[in-house]
Amino acid sequence: MSSTPASTGWSLGDIVVRRVDEIELPRQTGPWLLPDATKEVLDEASWLRPDFADDEVPRLASHSFAVEAGGLRIVVDTGIGNAKPRANPAWNRLDTDFLGRLAAAGFPPESVDLVITTHLHTDHVGWNTRLAGEGWVPTFPGARYLTSRTEWDHWAATDLDEARAQMFRDSVHPVRDAGQYDLVDVPEQGHEVAPGVFLVRAPGHTPGQVAVELRGSERRALITGDSIHHPVQLSHPHVHSCVDIDSAQAVRTRAQLLDAVADTDALLLGTHFPRPTAGTVRRENGRYRLLAEHGVDMPAASA
């Protein structure tokens, strides 16, 4: 194993999880995505500053989580991706070194065994594929890609606008056509997809969204997907995303997930939380707050 730090991560005992950065999202993303997260709301949770908000707006980021569990390399959500035509100017035809960062963390694409898609939105599937010549091919040639059957069936039955149809054409269908997508039925108690790695129902933002619970030998962690976009939703769970399909269900899901980890040593790992990305959840004056846990520089995953 290399002794050179390659990424920021957290050890759960026999499971290790690393954050692999893609981009920080533009400042205007917060007010657009979370319109109710006003300055006045942020002021009521002073602990959000300086890590998670500036004086006026919440900060957001795009990253993936790279997980070592049971001898497997697992990537949870794949961000926005490079070179892809997108309606959102901040996402349009990106050119980042994401794959280099992933490889530096010990996860070169050919080594990845499993890709978990929490839900089928544009900023969670982008690196599912990469451009090869004039076409799109799976980025992780040896991996199985997983998403929930409920999620897949919802979008299969939806009349897609052109922007979303483009995303499916370049980031989802090439994986399906390569025979690498598996659909998972997720029961109430969750579904184990690798040793200690469970898919957990988290509907609301989309009908079939899942969160990912990591049950390590020393502690647990919960990767939120978009069930919790930003830590402000701990102190104000009714702050909803403008793209939630069922905002009332999203609030119920948030409450259930937060209640399950509150006042424990379980890590909450936010899929769009800016650095430090993780923390433990505490009940405080009838609300929740996040105690940030910055993680440590970690060497690349062992071969």
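Tutor: Let's begin with contact, which means heavy atoms within 4.5 Å. Keep in mind, too, that this is a predicted model.

Student: Which residues is Leu-48 in contact with, leaving aside its neighbours within four places in sequence?

Tutor: Leu-42, Ala-53, His-230, Pro-231 and Val-232 are in contact with Leu-48 on that basis. Leu-48 is also among the residues with the most contacts inside the largest nonpolar core, which has 34 residues; the others named are Val-232, Leu-234, Leu-268, Val-281 and Leu-290.

Student: Which helices and strands each supply at least two residues of this core?

Tutor: Helix H2 (39–43), helix H7 (232–235), helix H8 (247–261) and strand E16 (287–292) each do. H8 gives the largest share, three residues. Apart from this core lies another one of 26 residues, including Trp-10, Ile-116, Val-186 and Val-193.

Student: On to the rings. How many aromatic pairs does a search of the whole structure find?

Tutor: Five aromatic pairs turn up. One of them joins Phe-140 and Tyr-145, with 6.4 Å from centre to centre and 55° between the planes.

Student: Why is the pair of Trp-152 and Tyr-181 called edge-to-face?

Tutor: Their ring centres are 5.2 Å apart and their planes meet at 65°. That angle is over 60, so the pair counts as edge-to-face. The pair links distant parts of the chain, with Trp-152 in helix H5 (residues 149–156) and Tyr-181 in strand E9 (residues 181–184), 29 residues apart.

Student: How do you know whether Trp-152 is buried or exposed?

Tutor: Its relative accessibility is 16%, under the 20% limit, so Trp-152 is buried. Tyr-181, at 11%, falls under that limit and is therefore buried as well. Phe-140, Tyr-145, Trp-152 and Tyr-181 form one aromatic cluster.

Student: Is His-119 buried or exposed, and how do you know?

Tutor: The relative accessible area of His-119 is 0%, under 20%, so the residue is buried. His-119 is in the loop between strand E5 (114–116) and helix H4 (122–125). Not counting residues up to four places away in sequence, His-119 touches Asp-77, His-124, Val-125, Glu-151, His-205, Thr-206, Gln-209 and Asp-226.

Student: What joins the side chains of His-119 and Thr-118?

Tutor: A polar contact of 2.9 Å joins them, and that distance is within the 3.5 Å limit.

Student: What about Glu-213: is this residue buried or exposed?

Tutor: Glu-213, in strand E12 (residues 210–215), has a relative accessible area of 11%, so it counts as buried. The side chain of Glu-213 makes a polar contact with that of Arg-215 at 3.3 Å. Beyond its neighbours within four places in sequence, Glu-213 is in contact with residues including Gly-196, Phe-198, Arg-220 and Leu-222.

How values were computed
Residues numbered from 1 in each chain as written. Predicted model: local features only at pLDDT ≥ 70, side-chain atom pairs only at ≥ 80, totals over all residues. Heavy atoms only, no water. Phe/Tyr/Trp six-rings, centres within 6.5 Å; stacked < 30°, edge-to-face > 60°. Helix = DSSP H or I, 4+ residues; strand = E, 2+ residues; numbered from the N terminus. Buried < 20%, exposed > 50% of the residue type's maximum accessible area, 1.4 Å probe, protein only. Polar contact = N/O pair within 3.5 Å; in protein donor to acceptor, adjacent residues only side chain to side chain. Core = buried A, V, L, I, M, F, W, Y, C linked by side-chain atoms within 4.5 Å.
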